[in-house]
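This report describes salt bridges in one protein model. Please consult the sequence and the structure below while reading.

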Amino acid sequence: MWTVDEHLADVLAAVAPLPAIELQLLDAQGCRLDEVVLADVDLPSFDNSSMDGYALRTADTVGATAEYPSVLSVVGDIAAGAGELPTVGPGQAARIMTGAPVPPGSQAVAPVEWTDGGSGTGRAADAMGAAVEDEEVRVLRPVSEGAHIRRRGSDVAAGTRVLEAGTRLGPTQLGLLAAVGRATVKVRPRPRVVVLSTGSELVQPGEPVGPGQITDSNSFTLTAAALDAGAIAYRVGGVPDDAARLRAVLEDQLGRADLIVTSGGVSVGAYDVVKEVFESYGGVDFRRLRMQPGKPQGFGRIGAGDSGPGVPLLALPGNPVSAYISFELFVRPVIRTMLGAEDVHRPVVRAVCPVALRSPAGRRQFLRGRYRAADGVVEPVGGAGSHLVGALARADCLITVPEDVTELPAGSEVDVVLLGG
């Protein structure tokens, strides 16, 4: 029998980050950068106003108050995207919109709230039109130099390293790439994971459940878990216990898979055809692990040939809790490795369990639990049965009892695998 650590090490030794590819920005969401990104431009690329107001010279507002305002002539209107700009001289101002370029001669922007809004019609004129003839604006308080101006390069200077290799690309990182002018980026792609359940007893959600049948929940759980781990996941409905049918499904899916994950058919049952089909490919090993739940596991590659070494395959047990825990322990690290992520494993913390625990000798037991970070306490949820999906849905962690421990008294410290949100 293999230990959990031995099996995990064997699995991870057989996979590596996927080769880097160039992708369009939105196609790269969720991927890891495989390059250092430098800014080719300044952000902002020109001095611009952060407020709607008036661009002016600061000397013209010294001592201004609501009772004794500074009165300035309005020499033009500047909208965002403006090309030709008026020059602001002594005693003058230019009406300016947020994001518009700051005109020559001006030193600051007075927000419109600091003025009377202009003595003409009170409007901003046409977007690029001239100011109203003889229009004036009264500034009601002093304005300091540089006020409400976003300086060129104040966010990002040209030549700056803006993103490091290994960065996961989310919405804000993609926005930054677009802002510095990148249309494509070199990344480690998200692995394509095909998830399928096996068993003639499976029916799909919404279908009538006959005698001896169960609804297929594993394929939904494992597909969602693959997505959560960062993969592109494809769910394949339940495949009956028929060798020819299973082989046909696998052959159909090999072309779009970087990883195949199955559940069911890895025990010693007389009708478990999964082993028969996988072993016919060669290179798939079925083993027993010193763990509970999740003792039977399968791992290897299928589809090897002239085009490559084949697609990694992890065959998980069919009981829902066994399948999910096996995914967290073995499949998720494989997906994270393929992504090129640094955080391959779930975080593990120590916590106090207020109840006594029992565990079978020679097995590492993984109990479902609820963890309270505030006081470092973890409590089991439900029992040890590998079919308890209700308790599994309430759990946010796994409580680990080592192989050489059969009893833990109440108040013992235990390792806790945090499952995230």
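Arg346 is buried, at a relative accessible area of 15%, where buried means under 20%, exposed over 50% and partly exposed in between (1.4 Å probe, protein chains only). The model is predicted: local features need pLDDT of at least 70 and side-chain atom pairs pLDDT 80 or more, while totals for chains, interfaces and linings use all residues. Residues are numbered from 1 along each chain as its sequence is written, and side-chain values use heavy atoms, without hydrogens and water.

The structure contains 25 salt bridges, each a side-chain nitrogen of Lys or Arg within 4 Å of a carboxyl oxygen of Asp or Glu. Three of these pairs are tabulated here.

| Pair | N to O distance |
|---|---|
| Arg346 and Asp228 | 3.5 Å |
| Arg247 and Glu251 | 3.9 Å |
| Glu403 and Arg364 | 3.2 Å |

In the pair of Arg346 and Asp228, distant parts of the chain are linked: Arg346 belongs to the loop between α6 (320-339) and β22 (348-353), and Asp228 to helix α3 (residues 218-229), 118 residues apart. Helices (H or I, at least four residues) and strands (E, at least two) are DSSP runs, numbered from the N terminus. Asp228 is partly exposed, at 48% relative accessibility.

Arg247 and Glu251 both lie in helix α4 (residues 243-253); because they are four residues apart, about one helical turn separates them. Arg247 is partly exposed at 32%, as is Glu251 at 43%.

Glu403 and Arg364 form a salt bridge. Glu403 sits in the loop between β26 (397-401) and β27 (407-408) and Arg364 in strand β24 (residues 364-372), so the pair joins parts 39 residues apart in sequence. Glu403 is buried at 15%, and Arg364 is buried at 15%. Asp5, Arg364 and Glu403 are linked in a network of salt bridges.
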